[in-house]
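Me: I'm new to this one and would like to know what the labels rest on. Can you take me through them?

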Amino acid sequence: MKFTDLIGVCQGFVAGASRLVPKLRGRDLSESQLATVTRQLEKIRATADWIETAVATGKVNLDEALAELLRGQ
């Protein structure tokens, strides 16, 4: 993957979140919706940590725990 592709992926996430999160104002999410968002945020955090490690160390392998998380297990 090229550096610019990685930056594009990161920027796309930030741009999408910046556009969508403000639209949540005044909305109540159901418990199921909150649980879904929580699970997805866990994946996002773990992926961001993986990217940070890969950039800092050059080690790009997924560990098994992250792979299972991303598979939804």
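Reply: A helix here is a DSSP run of at least four residues, and a strand is a run of at least two. By that count the chain has three helices and zero strands, in the order α-α-α from the N terminus on. Keep in mind that this is a predicted model.

Me: What makes the patch with Phe 13 and Val 14 a nonpolar surface patch?

Reply: Two cut-offs matter: each member needs over 30% relative accessible area, and nonpolar side chains are joined within 5 Å. Phe 13, Val 14, Val 21, Leu 24, Leu 29, Leu 34, Val 37, Leu 41 and Ile 44 make up the patch, with about 710 Å² of accessible area together. Helix H1 (3–20) and helix H2 (31–57) each give two or more residues, and H2 gives the most, with four.

Me: Why is Leu 24 called partly exposed?

Reply: Buried means under 20% and exposed means over 50%, with partly exposed in between. Leu 24 has 42% relative accessibility, so it counts as partly exposed. You'll find Leu 24 in the loop between H1 and H2.

Me: How do you know that Glu 64 and Arg 71 form a salt bridge?

Reply: The cut-off is 4 Å between a side-chain nitrogen of Lys or Arg and a carboxyl oxygen of Asp or Glu. For Glu 64 and Arg 71 the closest N and O atoms are 3.0 Å apart, so the pair passes. A search of the whole structure finds one salt bridge. Glu 64, at 48% relative accessibility, counts as partly exposed, and so does Arg 71, at 49%.

Me: Why do the buried residues of H3 count as lining one face?

Reply: The buried residues of helix H3 (residues 64–71) are Leu 66, Ala 67 and Leu 69. Seen down the axis of H3, they fall within an arc of 160°, so they line one face of the helix. What covers them includes H2. Just after H3, Gly 72 takes a positive phi of about 85°.

Key: Residues are numbered from 1 along each chain as its sequence is written. This is a predicted model: local features need pLDDT of at least 70, side-chain atom pairs count only at pLDDT 80 or more; totals for chains, interfaces and linings use all residues. Side-chain values use heavy atoms; hydrogens and water are left out. Patches are made of residues with over 30% relative accessible area and no salt bridge: like charges are joined within 9 Å, nonpolar side chains (Val, Leu, Ile, Met, Phe, Trp, Tyr) within 5 Å. Accessible areas come from the Shrake-Rupley method with a 1.4 Å probe; for residues, only the protein chains shown count as cover. Buried means under 20% relative accessible area, exposed over 50%, partly exposed in between (1.4 Å probe, protein chains only). The arc is that of the directions from the helix axis to the C-beta atoms. Contact means heavy atoms within 4.5 Å.
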